[in-house]
Amino acid sequence: MSNLSLVTTFILMGIPHAPALDTTLFGIFLVIYALTVVGNLLILLVIRVDSHLHTPMYYFLANLSFIDMWLSTVTVPKMLMTFVSPRGRAISFHSCVAQLYSFHFLGSTECFLYTVMSYDRYLAVSYPLRYTSMMSRKTCTLLATSTWLSGSLHSAVQTILTFRLPYCGPNQIQHYFCDAPPILKLACADTSTNEMVIFVNIGVVSSGCFFLIVLSYVSIVCSVLKIRTSEGRHRAFQTCTSHCIVVLCFFGPGLFIYLRPGSKDAVDGVVAVFYTVLTPLLNPVVYTLRNKELKRVLFKLKDKTLSQSK
């Protein structure tokens, strides 16, 4: 192995597309990225300034917005560079390590956070009278901290196992960011152990989280059906619908990529766009359009800004 030249730079091949679409795709993804950052910053601002939103649900939503803003920032700017010039496709070995760690850190933290949010909704619907004491500020902080620490550990394992392998030959990554499956294809060693760890580490963890979320919502449905008034049932379902939508958009593509045998480069690249680009944008859109409290505060801030400008 010592006679082989180690790779110091990788080349990101980007999303499969016709060269003529470079400018169009650059414009589309730039707009999506800008809307994602602004949308999530707006949610953070609204939750920060309004004391009525200092509740467990909005505390976890603020964590989610913060994650989505950075998850998009980890992948999209580099993707945009691949549309601009061939030089923009190059990424140093150490930058690739940092990107893979950051992506899996934020992604797995979001996975755990969705699980915690579903548990929060379960307590709110099933135990409304005891909810405040059961989901205290201390409990919220503990749950949120545990999701960040778990995500960090989960990502560290993934990153160490991926980059402990030697990379000495081809350096073209068939993806628009550094992710474990396409990088492992470039390793100059047997990757079967790593592939098994990916399946177990990512697959089992994400599947386990998804199972717990489904379990929470089955319990929620059972509790909602016991509510006598239709208005009460509608309000209870409405608080959970937004969460269900973003969970399906996040877990569906992720499980498709990491849990199926084999890997299709083109398909993986397109599917990955859903949870790296579209889901971070979808969260602020879904939560603001379906949430009366957030809309109320947004209109209040808008009116206040307009009155000050006059």
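Guide: We shall go through the strands, the aromatic rings, the charged and nonpolar side chains, and the annotated segments. Please keep in mind that this is a predicted model.

Visitor: Let us begin with the sheet. What is the order of its strands?

Guide: Strands of a sheet pair through backbone hydrogen bonds, either parallel or antiparallel. Here, an open sheet of 3 strands runs in the order β2-β1-β3, and its pairing is mixed. The edges are formed by β2 (90-92) and β3 (172-173), each of which pairs on one side only.

Visitor: In which sense does β1 pair with β2, parallel or antiparallel?

Guide: The pairing of β1 with β2 is antiparallel and extends over 3 bridges. Within β2, S92 is the bridge partner of T9. With β3, by contrast, strand β1 (residues 9-12) pairs in the parallel sense, over 2 bridges. There, I11 has Q172 of β3 as its bridge partner.

Visitor: Let us turn to the aromatic rings. How many aromatic pairs does the structure hold?

Guide: There are 15 aromatic pairs in the structure. One of them joins Y101 and F105, with ring centres 5.8 Å apart and planes at 20 degrees.

Visitor: Why is the pair of Y101 and F105 stacked?

Guide: Planes under 30 degrees apart count as stacked. The planes of Y101 and F105 lie at 20 degrees, so this pair is stacked. Both residues belong to helix α3 (residues 93-126), where they are 4 residues apart, about one turn of the helix. F105 also forms an edge-to-face pair with W148, at 5.7 Å centre to centre and with 65 degrees between the planes. This second pair links distant parts of the chain, since F105 is in helix α3 and W148 is in helix α5 (residues 137-163), 43 residues apart.

Visitor: Which residues do the ring pairs link into a cluster?

Guide: The cluster consists of F66, W70, Y101, F105 and W148. Of its members, Y101 is partly exposed, at a relative accessible area of 27%.

Visitor: How many salt bridges does the structure hold?

Guide: The structure holds 1 salt bridge. It is formed by the side chains of R121 and D120, at 2.9 Å from N to O. Both R121 and D120 are buried.

Visitor: Which residues form a nonpolar patch on the surface?

Guide: The patch is made of M196, F199, V200 and V204, which together have about 370 Å² of accessible area. V204 is located in helix α7 (residues 192-225).

Visitor: Which residues does UniProt list as "transmembrane region"?

Guide: The UniProt entry, which is unreviewed, lists several such segments, including 100-119 and 198-225. In the model, residues 100-119 are 100% helix and 0% strand, with the end C-alpha atoms 29 Å apart. Residues 198-225 are likewise 100% helix and 0% strand, and their end C-alpha atoms are 39 Å apart.

Visitor: Finally, where is T55 found?

Guide: T55 is in the loop between α1 (22-49) and α2 (56-84). Its relative accessibility is 29%, so T55 counts as partly exposed. T55 and S136 are 81 residues apart along the chain, and their C-alpha atoms are separated by 9.2 Å.

Definitions and conventions. Residues numbered from 1 in each chain as written. Predicted model: local features only at pLDDT ≥ 70, side-chain atom pairs only at ≥ 80, totals over all residues. Heavy atoms only, no water. Phe/Tyr/Trp six-rings, centres within 6.5 Å; stacked < 30°, edge-to-face > 60°. Buried < 20%, exposed > 50% of the residue type's maximum accessible area, 1.4 Å probe, protein only. Patch = residues over 30% accessible without salt bridge, like charges linked within 9 Å, V, L, I, M, F, W, Y side chains within 5 Å. Areas by Shrake-Rupley, 256 points an atom, 1.4 Å probe, with all protein chains shown as cover. Salt bridge = Lys/Arg side-chain N within 4 Å of Asp/Glu carboxyl O. UniProt positions renumbered as here; feature names shortened; annotations may be inferred. Pairing = 2+ DSSP bridges.
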